[in-house]
Amino acid sequence: MRILGIETSCDETSAAVVLDGRTVESNVIASSRELFAQLGGVIPEEAARKQLECILPVIHQSLEHAHLTMQDIDAVAVTRGPGLLVSLLVGTTVARTLAHIEGKPLISVHHTLGHLSSPWLDCHDDVRFPLLSISASGGHTELWLRRSHTEGLLLGSTHDDAAGEAFDKGAELLGLPYPGGPAIAALALDGDEMRFPFPSPLAHEPGMDFSYSGLKTALRYTIQGLEPSAISNKLKAHPSMPLGASSSQLTADLAASYQYALCRHLVDRLQRAIVLHPEVREIHLVGGVSANIRLRSLVAENAGNRTVRHPLTIPYCTDNAAMIAAAAYFLVSEKGMPSEALPTAATLHHAEIMQ
Ligand code: KG4
Ligand code: ZN
């Protein structure tokens, strides 16, 4: 089955063609990242305006790259949420219209199920359930026990900020550009991750939930508590100002230590899940934060003899339409073609992720 996927939940506009949930025939992503890097974050109406402009060219390109026409497509899949409401409206309206005009079935996909399906893209190994998936992005942080594509148990989620959001907010405190994850990861390569010991969130609480807002505050206090010789008083008063080139080693050490604390928190929860569910055969790392090299190595160190997978390329880690087309294929394979109309984003709930 060949599915055209459409994803517009945040600042990306993406369309992709995927065969049988695995073979990516095209994956076109138009991003307004540069615009939002200048603005320091995403502005929903601005994102949707850009998406409205480029959605049709992106869909055309995705068909062109795959050397296909709509006649070759068996179904249209679209992210139904969660995400920015106006951005979702652009994607769902176009997908619904296209499916109707072309007489194709429309499959609505929860954004998280898209990320959870991303390790299958261009991967032709025998992936084995049950498995644990950490899905960490700018909008959510979740730990799933998965028995099939559509049977899963949410073991933990964040009480406050998402892991990617903590990278983004931390980067702002360090004067680094948006999105913060890649910027912190690059700087951390030259830093000492043991120099600033940050606390372990929810260390004494049972369960597998996450909490990231305290780490961001700890970074702010660490910057404010630095010696005046290391950091200007101006920066101490306004920690969101850039640290400056003279303190580049200090910034690298802060970035590395902060990154280590963010990653450790994910791995702590994973360790708890492995103790409770030793039967899991694989560990998957998905979502924008799964692009993080340090996180990948920490997870591999803690996985025992289980197979560790993450999406095969960076564009499959961050938001993309190929993962939506893949998830739609697995949904149809396990549950059949949906007959219901597309639900509105506003009515979405966690329980609907596996539908
Ligand atoms: O999945 P995604 O593209 O969008 C959402 O669904 O939110 O994730 C974007 C998030 C951003 O917060 C970004 O800072 C983070 O993923 N990210 C990273 C890295 N690359 C992207 N975080 C840590 N390390 C990275 N290399
Ligand atoms: Zn995402």
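Student: Let's start with the metal. What spacing do the donors of the zinc ion (ligand 2) follow along the chain?
Tutor: They follow H-x3-H-x203-D. Keep in mind that this is a predicted model.

Student: Which residues are those, and which atoms do the coordinating?
Tutor: H111 and H115 each use NE2, and D319 uses OD. The distances run from 2.0 to 2.1 Å.

Student: Where do H111 and D319 sit in the chain?
Tutor: H111 is in helix α4, residues 111-117. D319 is in the loop between α11 (314-317) and α12 (322-335). The two are 208 residues apart, so this pair links distant parts of the chain.

Student: And are H111 and D319 buried or exposed?
Tutor: Both H111 and D319 are buried.

Student: Why is the arrangement around the zinc ion (ligand 2) called irregular?
Tutor: Because the angles subtended by the 4 donor atoms go from 94 to 147°. For four donors to count as tetrahedral, all angles have to lie between 85 and 135 degrees.

Student: In what sense do β2 and β3 pair?
Tutor: Antiparallel, over 8 bridges, with β2 covering residues 12-19. If you want a spot to look at, A16 stands opposite N27 in β3.

Student: Can we zoom in on A328? Where is it?
Tutor: A328 is in helix α12. Its relative accessible area is 0%, so A328 counts as buried.

Student: What does A328 touch, leaving out residues up to four places away in sequence?
Tutor: I3, A77, I107 and V109. Take I3: it is 325 residues from A328 in sequence, but their C-alpha atoms are 7.8 Å apart in space.

Student: And L106, buried or exposed?
Tutor: L106 lies in strand β5, and its relative accessibility is 18%. Buried means under 20%, so L106 counts as buried. From L106 to I3 it's 103 residues along the chain and 9.8 Å between C-alpha atoms.

Student: Another helix, then. Which residues of α6 are buried?
Tutor: In α6 (residues 180-188) they are G180, G181, A183, I184 and A188. These buried residues pack against α5 (163-173) and α9 (248-276).

Student: Last bit, the whole chain. How many helices and strands are there?
Tutor: There are 12 helices and 10 strands. Of the 355 residues, 54% are buried. As for contacts between residues at least 6 apart in sequence, 74% join residues at least 24 apart.

Student: And what does the accessible surface come to?
Tutor: About 15000 Å², with 54% of that belonging to carbon and sulfur atoms.

Conventions. Residues are numbered from 1 along each chain as its sequence is written. Chains are lettered from A and ligands numbered from 1 in the order in which they are written. This is a predicted model: local features need pLDDT of at least 70, side-chain atom pairs count only at pLDDT 80 or more; totals for chains, interfaces and linings use all residues. Side-chain values use heavy atoms; hydrogens and water are left out. Buried means under 20% relative accessible area, exposed over 50%, partly exposed in between (1.4 Å probe, protein chains only). Helices (H or I, at least four residues) and strands (E, at least two) are DSSP runs, numbered from the N terminus. Contact means heavy atoms within 4.5 Å. Donors are N, O and S atoms within 2.8 Å of the metal (3.2 Å for Na, K and Ca); water is not among the atoms, so sites may look incomplete. Four donors count as tetrahedral if all angles lie between 85 and 135 degrees; four count as square planar and six as octahedral if opposite donors are over 155 degrees apart and all others between 65 and 115; anything else is irregular. Two strands pair if DSSP finds at least two bridges between them. Accessible areas come from the Shrake-Rupley method with a 1.4 Å probe; for residues, only the protein chains shown count as cover.
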